[in-house]
Amino acid sequence: MRFLLAFALMLLAPIAHAADEDDVKLVPLMDGVWMHVSYGDFNGHRVSANGLVVKEGDTLFIVDSAWGDANTEILLDMIEREIGLPVYAAVATHFHEDRAAGAEAFKARGIPFYASAKTRELVERAGRVPPADVITVSPRPGGMSPLGPLTVMYPGAAHTTDNLVVWLAEQKLLFGGCAVRAASAKNLGYYADGDPAHWDDAMERVLKTFSEAETVVPGHGAVGGPELLTHTRDLALAFKAKEKASD
């Protein structure tokens, strides 16, 4: 695990060129699971974003697109070349472009690209092409839906109002997406599309539901363990306390 965390941290170094294959990486996490890492620009800074590629039998499932349409094309080419198995389906964990890009690329390759109804609505509202397929996850916090080896859960509004997390039971791995902050994070980061006042509730729900989690992958930053969930909850509680003190 220490090697994997160190390797993931190395991938966070900023780069300063247009999208090409240096902007997308496939990092082996464990047998049959890879983390894909891609880069985008946010407020003038080069930032990395994490997703997953999960093997089940002779097929693959992708959790989140790469950051942007061009990087998603590169990711799909890289998976074909480096893993060599067909992608059965992909799922977006919320509507931002580091999660739900490349809908046309997935469609052109015959890959179903799933998102919740809320995510699809928000992608369309943002003026982008939404994932073509709907995964039925209850909009009530705690709602879950299976997708192959993945269990997709809506923990409640946090980073965004539509953010999902993904559980791999066999690997005891939780993909927290942007609802989970990396250990290096000092605050909640960007939350303009979310609900920081209830982010701690979402994390408590995740902690209780996936108490067996051993590996936790945040949307940005280094892979960790369940301490990332308590860290994120504590950041949210600190945010609430600060807001209350300023009232």
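As a predicted model, it is held to a pLDDT of at least 70 for local features and 80 or more for side-chain atom pairs, while totals for chains, interfaces and linings use all residues. Residues are numbered from 1 along each chain as its sequence is written, and side-chain values use heavy atoms, with hydrogens and water left out.

Let's start with the sheet that holds S1. It is an open sheet of 7 strands with mixed pairing, in the order S1-S2-S3-S4-S5-S6-S7. The strands, like the helices, are DSSP runs numbered from the N terminus (H or I, at least four residues, for helices; E, at least two, for strands), and two strands pair if DSSP finds at least two bridges between them. S1 and strand S7 (133-134) sit at the edges with a single partner strand each, so one side of each is left without a neighbour in the sheet.

Zoom in on the S1 end. Strand S1 (residues 24-30) runs antiparallel to strand S2 (residues 33-42), and 6 bridges pair them. Pro28 stands opposite Trp34 in S2. The hairpin of S1 and S2 has 2 residues between the strands, and Gly32 there takes a positive phi near 80°. Further along, strand S5 (residues 87-91) and strand S6 (residues 113-115) run parallel, joined by 2 bridges; Val91 has Tyr114 in S6 as its bridge partner.

What lies across this sheet's strands S1, S2, S3, S4 and S5? That's helix H2 (residues 69-82), running at about 50° to S1. Axes here are lines fitted to C-alpha atoms, for helices over the stretch in contact, and angles run from 0 to 180 degrees between N-to-C directions. Contact means heavy atoms within 4.5 Å.

Now for the other sheet. This open sheet has 5 strands in the order S8-S9-S10-S11-S12, again with mixed pairing. Its edge strands are strand S8 (143-147) and strand S12 (215-218), each pairing on one side only. From one strand to the next, the twist averages 20°. Strand S10 (residues 165-168) and S11 pair in the antiparallel sense over 3 bridges, with Trp167 opposite Leu174 in S11. H5 lies across S8, strand S9 (150-154), S10 and S11, at about 150° to S9.

Between strand S11 (173-177) and helix H5 (199-209) there is a loop, and Cys178 is in it. Is Cys178 buried or exposed? Its relative accessible area is 6%, so Cys178 is buried (buried means under 20%, exposed over 50%, partly exposed in between, with a 1.4 Å probe and protein chains only). Beyond its neighbours within four places in sequence, Cys178 is in contact with His94, Asp98, Arg99, His159, Trp199, Gly219 and His220. Take His159: 19 residues from Cys178 in sequence, its C-alpha is 6.1 Å from that of Cys178.

Some of those names come back at the largest pocket. Of its 20 lining residues, Phe42, Asp98, His159, Tyr190 and His220 lie nearest its centre.

Last stop: Leu237, in helix H6 (residues 227-246). With 38% relative accessibility, Leu237 counts as partly exposed. Leu237 and Leu147 are 90 residues apart in sequence, and their C-alpha atoms are 32 Å apart.

Technical notes
1 Å grid on protein atoms, 1.4 Å probe; cavity = no way out; pocket = protein on both sides within 12 Å on 5 of 7 lines; lining within 4 Å.
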